[in-house]
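Reader: I am new to this structure and would like to go through it by question and answer. Please show it first.

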Amino acid sequence: MAQEPILTARGLVKRYGRVTALNNADFDLMPGEILAVIGDNGAGKSSLIKALSGAIRPDEGEIRMNGKPVSFSSPMDARQNGIETVYQTLALSPALSIADNMFLGREIRAGGFMGKVLRKLDHKAMERIAREKLSELGLMTIQNINQAVETLSGGQRQGVAVARAAAFGSKVIILDEPTAALGVKESRKVLELIQSVRARGIPIVLISHNMPHVFEVADRIHIHRLGRRLAVIKPKDYSMSDAVALMTGAKTLDQAA
Amino acid sequence: MSEPTAAVPHHDYEKVIKDSSKEVASFEVKRTPIQKLQHFLHTSPSAVSLIVLVVSVTVFGALLGSKFFSAFSLSLILQQVAITGIVGAAQSLVIMTAGIDLSVGAIMVLSSVIMGQFTFRYGFPPEIAILCGFIVGAFCGFINGILVSRMKLPPFIVTLGMWQIVLASNFLYSANETIPSQQLQAEAPILQFFGNNIRLGGAVFTYGVVAMVLLVAALWYVMNHTAWGRHLYAVGDDPDAAELAGVNVARMLTSVYALSGLICALAGWALIGRIGSVSPTAGQFANIESITAVVIGGISLFGGRGSVLGMLFGALIVGVFALGLRLLGTDVQWTYLLIGVLIIVAVAVDQWIRKAAR
């Protein structure tokens, strides 16, 4: 792998009072890959992800995007740098339509007097783009783009959230437990969706507890333990039980190899 | 495990998926007429209040005939609800964010007193005094907004406190002094601007009525066709989701309360036109009346749902009941009793409609 990583973190430290959530954690994401992040509860993976997505500010350490140091004070900051996060809660507004949700916070304004002076939104353009983005990702089982999000199924909502993340020229997409709340068939859809996003060249950070899903889609697996990166493994070199043993501390890297 | 390829199930239990139905989950939707109604009302939040308005106008029209069903009487209702409608527009914005503004009436009165006193006590040109009234109104709202959005205090408590503070300031500052109508007319007629009227046949539309209608129309446009309006719904619906999706929730809330204060100042100016004089004791019940209009208008107290048009219909329903019952010669307490029933029914209907979403 001669490529430069697109997103790196070195020596991240985050303490909450006397609890250390991140203890000198490192992180590397290569262009075009799916990197899974696994770890036991309390291992600090959500703190790591929050630091990368701008939801928390690490006490120490450095994050670099394409080699340049960056510092995010809010999720908006991270988004402006091209890091989109799909949260486990999805962050969709139930009463608003699919199109409204996709463009929330970056609405397109109409041209001319209506747009400039009266700040009128270009609903037509937003609906058209939303429909395009959803069909690109094979999500056009949703018939009506003006449907309120609360009328969609769990998988469809996940699809809308992923489409929103993938739609805006993003450089990195972070997916937090995208299949945790879904059924078998819907999980499959989301995994296909992840692969079609990767096929478009966008690297993905996937946080999941579901080992079969992780081993299926990930190019590399980042194992987080006790606040730091324990190892990065390739799924073809290790078994699922090795990975679980590593992340829970039942085995060390030498024993598992 | 080999390099993953798209769309090939990797796990035994998933192999059967390819045989499963490819269609979008569709269910035999058999809706009873009641469920159809419920669904329709869910998608058009101001329909309930419009239906109630039309029915009540029809019933009173049938009972009272031309005494009620005349251009004059119907336009009289508009005049009587103009202040409530304007304050209700401010209240709608706040309630849309799942908040409440108890200080609307007090801010309205303080603004009107400032418009009057700055003109007559300090000799300001009335236009400047009016501007000062708007600034003070917006400033009170802004303080509410900062306390709610930055200090994270509950809106109910913040605006309850602000109500008392503003009302007390109003009495202290004005020394409980009323500026009589004749003095306004002679020296600063612009303060009574909204009392002017347009006559169309028998109908009398004061400028206050026109202001209310234009304000509601403008807010309807803003809420449906601008990013600010979409964010308003998103913030009321689920503030955490809105924040993560990229809406600056704190700034949104601050702007909503500040705008509410500004609209209350407009109501203060319109109030001078309505009662003719500048009185620090006027508009005592504007906060309760505005909340009533909002609730009967079908705007959800839980935020994120409803339409400012519904608020207008809600205010009109109250006006129709008030005038209709007075013309029938009933005790005015019957009006209050029926409004009370309407409020509870409106909230019950809101809950029932919400079930349609689940």
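**Questions on two chains**

Author: B:T335 counts as partly exposed, with 17 C-beta neighbours inside 10 Å; the terms are buried for 20 or more other C-beta atoms within 10 Å, exposed for 12 or fewer, and partly exposed in between, with C-beta atoms placed from the backbone. This is a predicted model, in which local features need pLDDT of at least 70 and side-chain atom pairs count only at pLDDT 80 or more, while totals for chains, interfaces and linings use all residues. Residues are numbered from 1 along each chain as its sequence is written, and chains are lettered from A and ligands numbered from 1 in the order in which they are written.

Reader: In which helix is the place of B:T335?

Author: Helices (H or I, at least four residues) and strands (E, at least two) are DSSP runs, numbered from the N terminus. By that numbering, B:T335 belongs to residues 332-354 of chain B, helix α14.

Reader: Which residues is B:T335 in contact with, leaving aside its neighbours within four places in sequence?

Author: Two residues are in contact if their C-beta atoms, placed from the backbone, lie within 7 Å. B:A250 is 85 residues from B:T335 in sequence and 40 Å from it in space, C-alpha to C-alpha. With neighbours within four places left aside, the contacts of B:T335 are B:F321, B:A322 and B:L325.

Reader: What percentage of the residues of chain B count as buried?

Author: Chain B has 14 helices and two strands. Its C-alpha atoms fill a box of roughly 90 × 50 × 35 Å along the principal axes. Of the 358 residues of chain B, the buried ones make up 49%.

Reader: How far apart are the end C-alpha atoms of α11(B)?

Author: The expected span of a helix is 1.5 Å times one less than its number of residues. For the 27 residues of α11(B) this should give 39 Å, and the distance between the end C-alpha atoms agrees, at 38 Å.

Reader: How many residues of α11(B) are buried?

Author: Helix α11 of chain B covers residues 249-275, and B:G276, with a positive phi near 85°, follows it. The helix is mostly covered, and of its 27 residues the number buried is 22.

Reader: Are α3(B) and α11(B) roughly parallel or antiparallel to each other?

Author: Axes are lines fitted to C-alpha atoms, for helices over the stretch in contact, and angles run from 0 to 180 degrees between N-to-C directions. The axes of α3(B) and α11(B) come within 9 Å and cross at roughly 175°. Angles under 35 degrees count as roughly parallel, over 145 as roughly antiparallel, 65 to 115 as roughly perpendicular and the rest as oblique. The pair α3(B) and α11(B) is therefore roughly antiparallel.

Reader: Which residues make that contact?

Author: On α3(B) they include B:A82, B:I83 and B:I86. On α11(B) they include B:V256, B:Y257 and B:L259.

Reader: At what angle do α3(B) and α12(B) pack?

Author: Helix α3 of chain B is residues 71-96 and helix α12 is residues 286-296, and their axes are 8 Å apart. The two are roughly perpendicular to each other. Among the residues that meet are B:I83 and B:V87 in α3(B), and B:A286 and B:E289 in α12(B). The packing angle is about 70°.

Reader: Which residue with a positive phi follows α13(B)?

Author: Helix α13 of chain B, residues 308-327, reaches 29 Å from its first C-alpha to its last, close to the 28 Å expected. It is mostly covered, with 17 of its 20 residues buried. The residue after α13(B), with a phi near 80°, is B:G329.

Reader: Is B:K152 buried or exposed?

Author: B:K152 lies in the loop between α5 (126-149) and α6 (155-174) of chain B. Its phi is positive, about 60°, although it is not a glycine. Because B:K152 has 8 C-beta neighbours inside 10 Å, it counts as exposed.

Reader: Is A:L90 buried or exposed?

Author: A:L90 is found in the loop between β6 (83-86) and α3 of chain A. Its phi, near 75°, is positive in a residue other than glycine. With 23 other C-beta atoms within 10 Å, A:L90 is buried.
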